[in-house]
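Have the model open as you read.

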Amino acid sequence: MATSLGSNTYNRQNWEDADFPILCQTCLGENPYIRMTKEKYGKECKICARPFTVFRWCPGTRMRFKKTEVCQTCSKMKNVCQTCLLDLEYGLPIQVRDTGLSVKDDVPKSDVNKEYYTQNMEREIANSDGTRPVGQLGKATSSSDMLLKLARTTPYYKRNRPHICSFWVKGECKRGEECPYRHEKPTDPDDPLADQNIKDRYYGINDPVADKLLKRASTMPRLDPPEDKTITTLYIGGLGDTVTDGDLKSHFYQFGEIRTITIVQRQQCAFIQFATRQAAEMAAEKSFNKLIINGRRLTVKWGRSQAARGKEGVKDGVSEMGTRLDPVPGLPGALPPPPALDEEAPANYFNLDPSTSPAVMNIALPPPPGINPPPPGFGPPMFHPMGPMAPPMPPPMSMRPPGQIHYPSQDPQRMGAHAAHGSRHGD
């Protein structure tokens with residue numbers, strides 16, 4: 001009868017016997033002096049099912065006791081903490097880390113294949129220097145901008161709090177303040193974060209915490225390079241009066257050769273043209289939402305080609321940067337186009353009745369040739385000739401003496417006419 005590999009003598013010799021666990025700063029706690037118990041071959045690893053050394057400790061005051069959950073071999077294969085199974089470099093779940101680095105590490109899940117894969121990984125770990133992860137993760141050398149934005153750079157000790165007291169939820173806890181568990185309202189059982197599996201978290205599948213972080217990353221603003229490969233210009237906005245040409249050059253020269261830097265002081269923006277497209281893409285990736293010069297956060301966007309700008313022109317409700325502008329409420333709509341006028345019909349600019357004569361409407365006639373017209377504002381008032389408030393009409397042109405023109409200022413009945421006439425004669 002064949003025996004399983006788990007009970008093989010060779011496999012027993014490779015059981016883990018460690019002196020110190022692989023932990024992140026959050027699980028280790030904020031107290032630099034802690035007591036830690038060590039139990040050799042205390043439990044089996046929850047991933048590879050091999051016995052390993054279990055460590056147990058309390059990370060701080062009013063915190064719950066924590067222990068290692070997986071062996072060090074499984075921890076080194078994924079570069080994660082032995083307790084929380086979060087990445088040691090970014091503090092993120094494995095699924096988020098692998099998505100950001102475009103790593104697909106298919107760890108076998110069956111017993112025989114998993115045992116064979118683990119032995120090969122142990123051999124690779126023994127031959128490495130121990131400073132870099134092994135497997136597919138060790139081959140991924142590029143970093144991701146998404147991981148840098150989502151990474152937790154400081155410890156999150158709130159994760160070490162005690163669990164919620166089940167007796168307090170039922171109203172039966174009699175220990176009061178001496179109870180080592182939390183007296184808080186539990187989370188909604190329908191919440192996906194309330195149901196987490198350690199194997200799914202390790203394999204990077206169906207992880208609710210990772211799904212939440214990936215949804216947050218999808219809503220974060222990003223700058224995609226344009227499809228036109230000839231565009232090598234970046235738009236820098238929000239310069240103000242403190243950012244100069246030299247400041248922009250000292251920051252962007254590290255990404256590649258700069259062809260021109262054009263500053264539009266009126267718009268407080270600048271256009272930086274690189275010699276190569278690769279340099280422009282690197283500058284856009286490293287500077288988007290992270291560029292701060294002289295205490296000012298600057299806006300980085302891709303420029304547009306002249307051909308595309310001339311073809312598109314100015315669109316209704318679209319700004320120069322391509323953003324949609326919302327209409328301002330309360331403004332009148334567009335005026336209708338003027339009606340087409342016939343060339344034979346006379347131009348009626350004041351919408352007057354064609355049957356009305358110019359004398360009744362008191363429309364001023366043009367002066368005879370050779371005589372200068374009156375200055376603006378001194379024309380005859382627009383009153384109806386038969387109205388009670390209408391001033392006396394001047395005599396017609398046939399009854400006026402030759403060469404005499406009547407102006408409103410010459411009316412002897414206007415207010416102050418005699419005083420002005422007398423002062424004029426007195427002078």
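What follows goes through the helix contact, then the cysteines, then the annotated stretch.

A quick note on the ground rules: this is a predicted model, where local features need pLDDT of at least 70, side-chain atom pairs count only at pLDDT 80 or more, and totals for chains, interfaces and linings use all residues. Residues are numbered from 1 along each chain as its sequence is written, and side-chain values use heavy atoms, with hydrogens and water left out.

Start with the helices, which are DSSP runs (H or I, at least four residues; strands are E, at least two) numbered from the N terminus. How do H4 and H10 cross? Helix H4 spans residues 94–101 and helix H10 spans residues 208–219; their axes come within 8 Å and cross at roughly 40 degrees. Those axes are lines fitted to C-alpha atoms over the stretch in contact, with angles running from 0 to 180 degrees between N-to-C directions. H4 and H10 are therefore oblique to each other; under 35 degrees counts as roughly parallel, over 145 as roughly antiparallel, 65 to 115 as roughly perpendicular, and the rest as oblique.

On the H4 side, Gln 95, Val 96 and Thr 99 do the touching, and they meet Ala 210, Asp 211, Leu 213 and Leu 214 in H10. Contact here means heavy atoms within 4.5 Å. Gln 95 sits in helix H4 and is buried, at 15% relative accessible area. Buried means under 20%, exposed over 50%, and partly exposed in between (1.4 Å probe, protein chains only). Leaving out residues up to four places away in sequence, Gln 95 also has Gly 204, Ile 205, Asn 206 and Asp 207 among its contacts.

Now the cysteines. There are zero disulfides in the structure, a disulfide being a pair of cysteine sulfur atoms within 2.5 Å. The sulfur of Cys 81 has its closest cysteine sulfur in Cys 84, too far for a bond, and Cys 84 is in no disulfide either.

Finally, UniProt (unreviewed entry) lists residues 159–186 as "zinc finger region: C3H1-type". Such annotations may be inferred rather than shown by experiment; positions use the numbering here, and feature names are shortened. Over residues 159–186 the chain is 14% helix and 0% strand, with the end C-alpha atoms 15 Å apart.
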